[in-house]
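Have the viewer open as you read.

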Amino acid sequence: MSLPLRLAGALLVLGLASCTSISTSTNYDPNSVQALDSYRTYAWLPMKAGADPRIYNPIIQARVQLAVDRELQARGYQKVEEGQKADFKVGWHGAVDEKVDVDVINNFYGYAWDPWYDPFFGPVAYGGAGLSQPVVREYREGTLILDVVDGASNKLVWRGTAQAELSEHMDAKKSQKLINKAADELLEKFPPEPQKK
């Protein structure tokens, strides 16, 4: 494994190029919507033990907690210390996966394609009129999952997932900024609105 890949994993940067968007989704227990709406205090679950230390380490834990604390407290939730009773608990999971994107380039409409039209793919050789050329691009995708567990029942009641293409070059400041963005976009959907009957 190359040094840049190890560093990217260690930072769990969700490190997109600044122009790339973060894809988010949420899911929740519909029977818990009323409880979710009544939550006021929260505490953090302990970091996942025995997991990949490139992702689950105190640096990443601090960055995720900083981002999530900021968003939750801005929305009126109060963090309580470990051991104190909380309405809900927050946990997180992370992953960095290798991905492959395949696109097909052709000159079906009679005009040529050149690499400067798309900076991701670089030079591509293609055949004559109507012939197609597959173009393969490898990249890394980062995933951040936030879990909300009910404090009384200890049941998972809400989960938010953010995914994004990782940037090749990411420093600590950019990493925190993008984790902040992921937390903001996820927690915009928390708590969920009751479904209309």
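How many salt bridges does the count come to? Before the answer, some ground rules. This is a predicted model, in which local features need pLDDT of at least 70 and side-chain atom pairs count only at pLDDT 80 or more, while totals for chains, interfaces and linings use all residues. Residues are numbered from 1 along each chain as its sequence is written, and side-chain values use heavy atoms, with hydrogens and water left out.

Now the answer: the count comes to four salt bridges, where a salt bridge is a side-chain nitrogen of Lys or Arg within 4 Å of a carboxyl oxygen of Asp or Glu. The general idea is simple: side chains of opposite charge can pair when their charged atoms come close.

Along the sequence the pattern reads α-β-α-β-α-β-β-β-β-α. Of the 197 residues in the protein chain, 39% are buried. Here buried means under 20% relative accessible area, exposed means over 50%, and partly exposed is in between, with a 1.4 Å probe and protein chains only.

Start with Lys79 and Asp69, whose closest N and O atoms are 3.1 Å apart in a salt bridge. Lys79 sits in strand E3 (residues 78–79) and Asp69 in helix H3, so this pair ties together parts that are ten residues apart in sequence.

Next come Arg75 and Asp184, which meet in a salt bridge at 3.6 Å, N to O. Arg75 belongs to the loop between H3 and E3 and Asp184 to helix H4 (residues 172–187), so the pair ties together parts that are 109 residues apart in sequence. Arg75 is partly exposed at 32% relative accessibility, and Asp184 is partly exposed at 27%. Glu71 joins in as well: Glu71, Arg75 and Asp184 are linked in a network of salt bridges.

Then look at Arg159 and Asp147, where the closest N and O atoms of the salt bridge are 2.6 Å apart. With Arg159 in strand E6 (residues 156–165) and Asp147 in strand E5, the pair ties together parts that are twelve residues apart in sequence. Arg159 is partly exposed at 32% relative accessibility, but Asp147 is buried at 7%.

Back to E3 and its partner. E2 and E3 pair in the parallel sense over two bridges, the rule being that two strands pair if DSSP finds at least two bridges between them. Thr41 stands opposite Gln78 in E3. Together, E2, H3 and E3 make a right-handed β-α-β unit; right-handed means that, with the strands pointing away from the viewer, the path from the first strand over the helix to the second runs clockwise.

Which way do the side chains of strand E2 (residues 41–44) point? Thr41 and Ala43 point one way, Tyr42 and Trp44 point the other way, and all are buried. Tyr42 has a relative accessibility of 0%. The C-alpha atoms of Tyr42 and Val149 are separated by 9.6 Å, although these residues are 107 apart along the chain.

Finally, the empty space. Rolling a probe the size of a water molecule over the atoms shows where such space is left. On a 1 Å grid over the protein atoms alone, a cavity is a set of points where a 1.4 Å probe fits but cannot get out, and a pocket is an open set with protein on both sides within 12 Å along at least five of seven lines; lining residues have an atom within 4 Å of a point. Grid points are joined across faces, edges and corners, and a volume is the space filled by probe spheres set on the points.

The search of the whole structure finds one cavity of 30 Å³ or more, and the largest cavity has a volume of about 30 Å³. Its lining includes Val68, Phe88 and Trp158. Helix H3 (58–74), strand E4 (88–106) and strand E5 (132–150) are the elements that give two or more residues to that lining.

The largest pocket holds about 290 Å³ of space. It is lined by 13 residues, of which Ala43, Trp44, Leu45, Glu81 and Glu82 are the closest to its centre.

Definitions and conventions:
Helices (H or I, at least four residues) and strands (E, at least two) are DSSP runs, numbered from the N terminus.
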